[in-house]
Amino acid sequence: HLALFGTWVEVEDAGEKFFESCGFAPIIHGIVDRDRLVTLHDCSCNELKPYHAGFHAYPPPWGFSSCTYSVKTALINAHLDKNATLQSVSAQFTHLERWVNHQERKERTKYDWKIREMTINLTPNDPIDIAIDDKIKIQLKSWVSPAIGLDKKYGADEYDVFTIYCEEGMPLEKFRTFLHHIQNFLILATRAYVKPIEIKGSLVNHEIYQPTIQIFSSGLTDSYEEDKKFSGFLFSLRDISSEFPMVLKEFVLRGIEYGLAYELYFAAARKKLYVEQEFLSYIQAIEGLYSRMYGEKLYLNSSQFNQVKKTLYRSIPDDLPPSLKERLRTVISDANNYGLRSRIMDIIVKYPEDFNGRLWSNEQEQADFIKQVVIFRNYLSHGGTKKPKDYYERLSDYTKKIKILLEICLLEMMKLPTEKIIRFIKYRYL
C-alpha cells in the first residue's frame, strides 16, 4: 500500500477520463512530496459500496471519492512509458541473507541422527555472476552475516541482493519475469514464502544524474502468506556452491519454457490452500513437468500402436451414440501415452532402493500409494464415486509424498547431481 499525495496527469486517454469515470488508465504521471516523479502503470479502481446491516460508509477526508485504486506497477523518481528500457534492476529478498550464510551440521545423538541449523560469521563473498545469454546477466552480491539473534548494521551498499543486467536495456516487464523466477528459486530453496523487500532500477546510458528508480510491482511485492512458518531449507547456497551459476540459469530458463506446469508448485507454495487444492495442484504440476522434462513416453512404438489402435477402432459397435463413439476413439488414441500412474512410477524407479524404502516400507505399499493417488485424483476431479476411507488422513499423506516427488523433478530440472538430490530430500523429509 502506497500513500502518494500530489498532482496527477493522465498520459494516455483510455476513452474516458480515469479520475472522472473510475475506469482504467494505462499510464498516469504524478509529482508527489518533495517533487518526486511518479509513474503509475495500468491503473484501475473499484467503487466502494455502502456497508450493510446498519453500518454506514462515511465520506473520506479531504474530498476524495469513495473508491479504492490499484496499479500494476509504480515507479518512483521517474516518468516512464511502458516501452521505456532499464539497464539493471536489483532486488533484496526476505530470507536471502539467511539462505546465503546457512549451513547444516549432522550430529550424533543418543537416539538418532538429527540436523542442527547454524549460521556462522563469513567474510564478504565475491559477487557471483550468472550469464543467462550473451546479453543478460544475473549477479548475486552478498555480505557478512552475524550470528543468529544479532542485528546486522548495514552500510550504504552492504546487503545481499540479486541484480539483473542488460547492457542494451530491457523493458520493465522482462525484468519482472526474471525477478519472478529468482523469487520462485528462493521459495523452493528455503521452503518459505519469499518476496522482494526492495526493488530498484537504473535507466540505460543516462548522461545526467538521475536518482535510482524505486519499483513496486503487483505479483512480486504482494504479501500472500507472510505468516507461513519457516520449516528449514531444502538446500542453501553452500550446498550448491559449485553448481550455483548453472543451477540458477537452468531454473530460470526452464521456468520460462515450462510455463504453467512449473508455476503450479509455486502457486501452492505462495498461498495456504485446502488440502484438496494442494493435492490437485501438485498432481497437475508433476504431470506437466514430467511431459516437458522427459518427453511424451509411449508404451509401444508408433507403428506397433497403430496396429492395436486399428483393431480397437474396428471393435467399436456401429449402433453406439456418435458422442460415445467419439469418446471411445479419443480414449483409444491417447492410451499409448504414459498416464499419471506410469509417470509417478517412472520418477520413483530413477532412485536407489534405500531412498524409496524411506518413503514406503515395501513394494506393496509403494504400489498401493500409486494406485490410491490415481483413485483420489479421479475422485476429486470427476466425483461420482464413494468417498475414500480415512479421507483426510490419507489425502494429507499422499499430498506430502507427491510434493516430495515434485521437488525431485524441480531439482532434476536444475541438473543437480542425483546424489545431491537424494541428500537434500533425505535430510529435509526422511
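Buried means under 20% relative accessible area, exposed over 50% and partly exposed in between, with a 1.4 Å probe and protein chains only. The model is predicted, so that local features need pLDDT of at least 70 and side-chain atom pairs count only at pLDDT 80 or more, while totals for chains, interfaces and linings use all residues. Residues are numbered from 1 along each chain as its sequence is written, and side-chain values use heavy atoms, with hydrogens and water left out.

**View 1. Overall protein.** The secondary structure comprises 13 helices and twelve strands, where helices (H or I, at least four residues) and strands (E, at least two) are DSSP runs numbered from the N terminus. Of the 430 residues, 42% count as buried.

**View 2. Salt bridge between glutamate 243 and lysine 420.** The two side chains meet at 3.0 Å, N to O, in a salt bridge, defined as a side-chain nitrogen of Lys or Arg within 4 Å of a carboxyl oxygen of Asp or Glu. Glutamate 243 lies in the loop between E12 and helix H4 (244–258) and lysine 420 in helix H13, so the pair ties together parts that are 177 residues apart in sequence. Both partners count as buried, glutamate 243 at 12% relative accessibility and lysine 420 at 14%.

**View 3. Salt bridge between glutamate 173 and lysine 72.** The closest N and O atoms of this pair are 3.5 Å apart. Because glutamate 173 belongs to helix H3 (residues 172–190) and lysine 72 to strand E4 (residues 67–76), the bridge ties together parts that are 101 residues apart in sequence. Glutamate 173 counts as partly exposed at 42% relative accessibility, and lysine 72 likewise counts as partly exposed, at 29%.

View 4. Glutamate 257 forms a salt bridge with arginine 254, with 2.8 Å between the closest N and O atoms; both residues lie in helix H4, three residues apart, about one turn of the helix. Salt bridges that share partners join Glu250, Arg254, Glu257 and Lys415 into one network. Lysine 415, in the loop between helix H12 (391–413) and helix H13 (418–429), has a positive phi of about 65 degrees although it is not a glycine, and is exposed, with a relative accessible area of 53%.

**View 5. Strand pairing around E11.** Strands E5 (residues 85–93) and E11 (residues 196–203) run antiparallel and are joined by seven bridges, two strands being paired if DSSP finds at least two bridges between them. Glutamine 92 stands opposite glutamate 198 in E11. E11 also pairs with strand E12 (residues 213–217) in the antiparallel sense over two bridges, and lysine 200 stands opposite glutamine 214 in E12.
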